[in-house]
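Welcome! Try each task before you read its solution.

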Amino acid sequence: MGDMQHGIKFCQHCGNRLSEASIEGKTRQHCAECGHVVFLDPKLAAVVLIGEERRLLMVKRGVEPALGAWAFPSGYVDRGESVEQAAVREVQEETGLVVELNTMVGLYSRAESHVVLAVYDARITGGGLRAGYDAEEVDWFSLGKLPPLPFPHDTQILSDWLGLYPHWR
Ligand SMILES: [Zn+2]
């Protein structure tokens, strides 16, 4: 997922050009005019795994990063919605399916990335399969024949998720 928080050049408060300063031992963007310091927070994304009969639902990505790659349904959490609501919304937008979350698979982060993934297992309760917003295609893949997974945590996520369905291994 893209790095969108670098390249902030102007103060959000007063519009003055930002400069770098060492603050509490870290180099941060700083406004010499009003004293505002830019603290770069992580971004939270929800990821949803939906399995049926040893198959996994995947989405061919219609946006960068990994444009054109098959991936788990996912998207960023908006302010004003819960992480769980974002997970359900993203699945509906990308696949046309209505889901209910079963359980959380895990929380995944790396020091090198500003994106934190909240990963859920879900079951289908309604809707109809169709590629929607941000998706070129949606399809089911046999667990033994998954396409290459594009993101760093994907193998770990898949392994952890399969822990919920040991009879599918
Ligand atoms: Zn300022």
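**Exercise 1: the overall fold**

The secondary structure of the protein chain comes to 2 helices and 9 strands, where helices (H or I, at least four residues) and strands (E, at least two) are DSSP runs numbered from the N terminus. This is a predicted model, in which local features need pLDDT of at least 70 and side-chain atom pairs count only at pLDDT 80 or more, while totals for chains, interfaces and linings use all residues. Residues are numbered from 1 along each chain as its sequence is written.

**Exercise 2: burial and the core**

Task: work out what share of the 169 residues counts as buried, and which residues have the most contacts inside the largest nonpolar core.

Solution. Begin with the cut-offs: a residue is buried if 20 or more other C-beta atoms, placed from the backbone, lie within 10 Å of its own, exposed if 12 or fewer, and partly exposed in between. By this rule, 25% of the 169 residues are buried.

Now turn to the core, a set of buried Ala, Val, Leu, Ile, Met, Phe, Trp, Tyr and Cys residues joined through C-beta atoms within 7 Å. The largest one has 32 residues, and Ala46, Val47, Val48, Leu49, Val119 and Tyr120 have the most contacts inside it. Among the elements that give it two or more residues are strand 3 (43-52), strand 8 (115-127) and helix 1 (83-95).

Finally, zoom in on Ala46. Two residues are in contact if their C-beta atoms, placed from the backbone, lie within 7 Å. Leaving out residues up to four places away in sequence, Ala46 touches several residues, including Val83, Ala86, Ala118 and Tyr120.

**Exercise 3: backbone details in the loops**

Task: which peptide bond is cis, and where is Pro65?

Solution. Look at omega: the bond joining Glu64 and Pro65 is cis, with omega about -5°. Pro65 lies in the loop between strand 4 and strand 5.

Task: is Glu53 buried or exposed?

Solution. First locate Glu53, in the loop between strand 3 and strand 4. Its phi is positive, about 50°, although Glu53 is not a glycine. Then count: Glu53 has 8 C-beta neighbours inside 10 Å, so it counts as exposed.
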